[in-house]
Amino acid sequence: MSTVLIFSNNPQSFTDAIGFLEVLKQKGLNVDKIIGVTSNNSANTEDIKKLGILELYLYDSKSTDDQIAKGLFQLVKKFSPNIILSSSSKTNNSILAYLSGLLSLPMLTEISDLLNATSDTLTLSRSVLAGRAYSIESVKLPAIITITPKKFTPSNLAATNDIKLDNLPLQDTTVKIVEVTPKKREGVKIEDAEIVVGVGRGFKSKEDLKLAFELASLLGGEVGCSRPIAADLRWLPEDRWIGISMKKIRPKLYIAIGISGAPQHMSAVDAKIIVAVNKDKNASIFSYSDYGIVADLYQFLPILINKLKKK
Amino acid sequence: MPNIAAFVKISLDPNMIRTAGDDKIDTVNMQMSISEYDKNALEEAVKLKEKYGGKVIAFTALTWGPIDKKLKDTEVIQREILARGADELYVITSNLILNSSPLYTSILLAQAVKKVGNFDLYITGESSMDIGSSQISSRVASILGLPVITYVRELEYDPQNNLIRATRDLEDSYVKVEAELPVVISVTGEINQARIPTLLQIRRAFSKPVKILTDKDLNIPEQQLLLHKREDLKVIKINRKNIILEGKSLDEIADKLISKLREEGVLKV
């Protein structure tokens with residue numbers, strides 16, 4: 001095994017990718033040379049040096065996906081890497097899928113496990129069917145792989161003294177970036193909470209969510225939500241969105257209130273105990289729960305909150 | 001708007017998990033439906049057609065076999081794609097794409113659109129609900145030599161300048177972009193509320209053409225070394241107690257819940 005190219009629109013991808021390479025090494029595949037590519041916005045060369053990357057190519061953060069992919073295409077032609085690696089994100093996947101189309105190479109997104117590796121084939125696992133199943137796939141090298149963020153953590157870092165910096169070659173494009181608006185964040189870490197109260201479409205207005213916040217604060221927990229609450233209605237910021245493509249949580253207790261139980265949501269909940277409150281007794285949330293309460297949340301929550309207040 | 005190609009996948013439905021034997025997903029018999037976000041993509045295409053004219057041609061690659069069985073099983077869903085407003089539907093069948101590898105699916109989709117005609121806009125959902133690779137839009141774009149705009153949650157067409165203005169919904173930001181046509185886009189589930197076809201639309205769908213495209217039609221060589229193979233597809237079992245707490249009053253149920261949670265050791269208070 002020779003060269004690996006790590007692409008990253010954000011610093012996290014480098015750490016994830018190096019962690020993945022360690023697992024590859026344990027399976028008997030060694031890497032001689034690592035080439036890095038990242039945006040000039042996120043390039044902290046001091047951190048990247050610690051990861052053992054020999055050459056780092058930078059691109060302007062205002063570049064479009066097709067521009068970056070075509071620039072990567074030039075590098076792939078130059079270095080012929082065996083594996084092109086990144087962590088799975090909307091931007092990383094869009095750019096690398098474009099590259100894979102240019103190269104006619106196989107690409108696997110959101111890889112959570114490396115099962116086997118030979119000199120020309122990797123066997124990998126990824127979650128499919130909205131998290132209800134997993135798929136084992138084999139891929140011939142060279143291939144493009146994006147891995148689930150924070151799944152692979154490097155233990156030992158091989159520091160390099162010299163890192164060669166260069167610019168990624170970019171061509172013109174017919175897409176123009178007009179405006180970038182950062183999303184609102186509260187900085188909550190629902191992924192670390194021991195108790196999470198999840199809210200869904202069963203709530204009729206944003207104001208009514210205060211019931212859930214009161215319950216969460218009485219229990220010493222945090223409030224999370226389903227996709228429509230964050231993405232569609234925007235009642236809560238996206239750092240509270242529980243879903244396979246967003247936050248995954250591992251609390252002791254998850255209380256799902258007014259949540260129908262879409263697999264995309266429930267697959268992101270790994271809780272010891274799951275409680276569901278829903279007025280529809282046929283809601284699929286009940287098949288995912290340990291304790292179910294078939295009731296109108298507007299009637300049940302005030303009673304539950306009162307009882308907890310008295311404790 | 002001129003002509004739009006919509007890539008609409010007929011997916012295994014994750015709400016209808018079915019296994020064969022212990023834990024293997026039964027892809028042969030599991031219920032299928034139109035992939036969730038592809039409904040939004042089709043809806044957006046049809047809305048543009050209603051406003052600016054042109055045609056919406058839908059393409060679906062049949063990625064689960066056996067081909068003959070699935071062609072028959074999905075007839076109603078094929079009609080549904082037309083009832084949702086597509087003018088024509090092309091169903092792509094090939095052994096090469098069975099088991100849903102985005103590498104081959106994108107090559108065949110690109111071949112199919114090239115064969116059918118010139119399009120000004122190519123549209124699909126952000127990911128499919130079965131395999132969820134999120135690759136098709138970018139891959140097809142690069143094969144066709146076009147730029148791509150993924151995760152679009154707002155879309156406008158400017159007929160004067162023949163360009164689109166789109167807002168991408170990314171993890172940390174919204175990004176507004178402008179692009180000349182032709183371009184390939186993928187849309188998020190938030191871009192619109194896909195319509196439920198009326199009885200009239202369903203009836204009309206029966207007079208719209210469904211055409212099958214095979215390997216031969218698309219000049220795909222029969223034998224090819226597979227670079228990407230799906231070895232296995234297994235269900236993740238849900239092991240929950242599934243106890244419904246009942247009582248004479250909500251008051252009683254609340255008490256039961258609190259005592260159960262104490263027994264489980266998950267209450268801090």
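Two strands count as paired if DSSP finds at least two bridges between them. Strands here are DSSP runs of E with at least two residues, and helices are runs of H or I with at least four, numbered from the N terminus. This is a predicted model, where local features need pLDDT of at least 70, side-chain atom pairs count only at pLDDT 80 or more, and totals for chains, interfaces and linings use all residues. Residues are numbered from 1 along each chain as its sequence is written, and chains are lettered from A in the order in which they are written.

I start between the chains. Strand E10 of chain A, residues 175-182, pairs with strand E11 of chain B, residues 173-180, in the antiparallel sense, over 7 bridges. Within that pairing, Lys176(A) has Glu178(B) as its bridge partner.

Now the contact as a whole. It takes 70 residues from chain A and 67 residues from chain B, contact meaning C-beta atoms, placed from the backbone, within 7 Å. On the chain A side, helix H4, residues 90-103, gives the most, with 9 residues. By class that side has 36 nonpolar, 19 polar and 15 charged residues. Asp, Glu, Lys and Arg count as charged, Ala, Val, Leu, Ile, Met, Phe, Trp, Tyr, Cys and Pro as nonpolar, and the others, Gly among them, as polar.

Last, a helix pair inside chain A. H5, residues 210-219, and H8, residues 297-310, pack at about 25° with axes 10 Å apart; axes are lines fitted to C-alpha atoms over the stretch in contact, and angles run from 0 to 180 degrees between N-to-C directions. H5(A) and H8(A) are therefore roughly parallel, the term for angles under 35 degrees. Leu211(A), Glu214(A), Leu215(A) and Leu218(A) of H5(A) meet Leu301(A), Leu304(A), Ile305(A), Leu308(A) and Lys309(A) of H8(A). That contact divides into 7 nonpolar, no polar and 2 charged residues.

Key:
Parallel < 35°, antiparallel > 145°, perpendicular 65-115°, else oblique. Contact = placed C-beta atoms within 7 Å.
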